[in-house]
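Colleague: I am new to this structure. Could you take me through some of it?

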Amino acid sequence: MCGIVGYIGSRQAYPVIIKGLKRLEYRGYDSSGVALIEGNQLKVFKKKGKVAELEEEVVDKNLSAHIGIGHTRWATHGEPSDRNAHPHTSNSGNLAMIHNGIIENYVPIKNDLLKKGYKFHSDTDTEVLLNFIEDIQKNNECTLEQALRIALKRIVGAYCILLIDKNEPDTIIAARKGSPLVIGIGKGEHFLASDASPIIEYTKEVVYVNDYEIAIVKADELILKNLGNEKQTPFITKLDMELAAIEKGGYDHFMLKEINEQPDTIFDCLRGRLLAHNGQINLSGVDNHIDILKNAQRIVMVACGTSWHAGLVAEYLFEELCRIPVEVEYASEFRYRNPIINKGDIIIAISQSGETADTLVALENAKEKGAFIFGVVNAVGSSIARLSHAGAYTHSGPEIGVASTKAFTGQLTVLSMIALKIAHAKGTISEARYMELIKELEAIPEKVKEILKDTTNIQRIAEKYKDAKDFLFLGRGYNFPVALEGALKLKEVSYIHAEGYPAAEMKHGPIALVDELLPVVFVATKDRYYDKIVSNVQEIKARKGQVIAVATVHDSVIPTMANDTMFVPDADEVIAPLLSVVPLQLLSYYVGIAKGLDVDKPRNLAKSVTVE
Ligand code: G6P
């Protein structure tokens, strides 16, 4: 939620910041703004809407500066507007600040400041924190850094903030708790950002700032301290990411690019790990903790959104292959209900960004209670990756489109490998079945390629149903979570109301919605439920619903019943979701496009939800 960028060094700050904000727009695009210092003059420009609107706003302005901070916002406190856009300035006009996160106790602080005569020009918690810092500085006659430290000890909530003072034009002060911050180390320059994407083209050396750390950043110096004012040694990491990975590469949208990247991203995820010729799966996170994992009494999958759907698929996988009971929890519910965590419980945290606030806090709580945390994360070095005891990265590369696609299939790939490995170690899978599934997994990238080869049929279906008001997505077994994911994708990028349901359960309610206007998408590939789902299709047809099916190639029954069919190659049902989800991703994309919507940045959404 919210993207932040800062620059200090010999370059012009504005172009670096604006480019960085565009890369971070996936984190929010309600408004954006920059604050620059030139000489002792603080210049602040901000605008409601996307970064492109800010660019138009500043066309004739003097933007010269070698230090600056910028923000792209996903609104929490206060509607999206020019006045609520960041950066905010303090009452004295000396300080400017940007913030990603939420200050929960801002109301009493604001009331105190109002009594002291402070004026507020926005509805944000950020402006309150900024003036709180200024007030502390004034009352204690201390440095800005000291005032910040005092303030941070008194606030409750999450933050990543960048703070500048027009009287100290050679320093950016940054701090984080719960919201990410990466600092890029250049030659006589530093870059600050919510993730590495704004930094990658300038330097590959970065420092991931930890919670409760403050960074004092000058062009040629980086000092890290904890809230107790003790210096910390910055740990420099080398970025393993190329610039091309975060650009559109000839596609119209990131979402389409990322859907099309899946043969490669799944292959990358398997590469060097799944050795089909000798039946080996190398996952050091699993290998190093195999005793803990195979003796697990229970596995709890904790995640949000699409990652939660990956957890649901994994529930079927782990219970069937490893014979370990699995629960799948929404992180936001799990964290607040004082869950029972017993010795021998494993938490598998699933997250693309590795920064989702609810997932992060749920894990912190579970860790405190003694749970073993295994992270299935895409973003290398992210907070969840660092908090986990062990893990396996999905290696899907940066996902920029707000609707998650390649990260989902990356999660399914990693979770399949983990389940197979544990099952093999436990002896709950026969050698023959183990080898069979390894071969099936190895074949997935080529099969995804098959689906992507010709999408004209899916485009036609999208065009045909784009004006529907509602959609129903149905599936059974491994394909039930795929139905949920299909419905979520459509909602996200087309704004059409869509519900996912277990196909048999639809008789207990949703069937009342069925009429000749309702498109019902069946995920009906060949598996153990096939005959049952054929009956479910009949039930919808009998009520004149429009059936769109995802069916296995060469299926001779479903296509004769369905109004429209999207085919996928044959695959073992255990890993079939890796294929059946792809047409649904494409369907959502093309419906969104047919409706003229911004599929990469759907309204009200953000890619990384770092507020609860
Ligand atoms: C947001 C994104 C979703 C994502 C969810 C969980 O809602 O828009 O695409 O599935 O957060 O994010 P995570 O990064 O933890 O997987």
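Colleague: How many disulfides does a search of the whole structure find?
Modeller: This is a predicted model. A disulfide is a covalent bond between the sulfur atoms of two cysteines. The sulfur of cysteine 322 is 17 Å from the closest cysteine sulfur, in cysteine 269, so that pair is too far apart for a bond. Across the whole structure the number of disulfides found is zero.

Colleague: Which strands stand at the edges of the open sheet of eight strands?
Modeller: The order in this sheet is S3-S2-S4-S1-S10-S9-S11-S15, with antiparallel pairing. Each edge strand has a single partner strand, so one side of each lacks a neighbour in the sheet. The edge strands are S3 (41–48) and S15 (236–238).

Colleague: How many residues of strand S20 (residues 345–351) are buried?
Modeller: In a regular strand the side chains alternate between the two faces of the sheet. On one side of S20, Asp345, Ile347, Ala349 and Ser351 are buried, and on the other Ile346, Ile348 and Ile350 are buried. The strand is therefore largely enclosed by the rest of the structure, and its buried residues number seven of the seven.

Colleague: Through which helix does the chain cross from S20 to S21?
Modeller: S20 and strand S21 (residues 372–377) run parallel, joined by six bridges. Isoleucine 347 stands opposite isoleucine 373 in S21. The β-α-β crossover is right-handed, and the chain makes it through helix H12 (residues 357–368).

Definitions and conventions
Residues numbered from 1 in each chain as written. Predicted model: local features only at pLDDT ≥ 70, side-chain atom pairs only at ≥ 80, totals over all residues. Heavy atoms only, no water. Disulfide = S-S within 2.5 Å. Pairing = 2+ DSSP bridges. Helix = DSSP H or I, 4+ residues; strand = E, 2+ residues; numbered from the N terminus. Buried < 20%, exposed > 50% of the residue type's maximum accessible area, 1.4 Å probe, protein only. Right-handed = clockwise from strand over helix to strand, strands pointing away.
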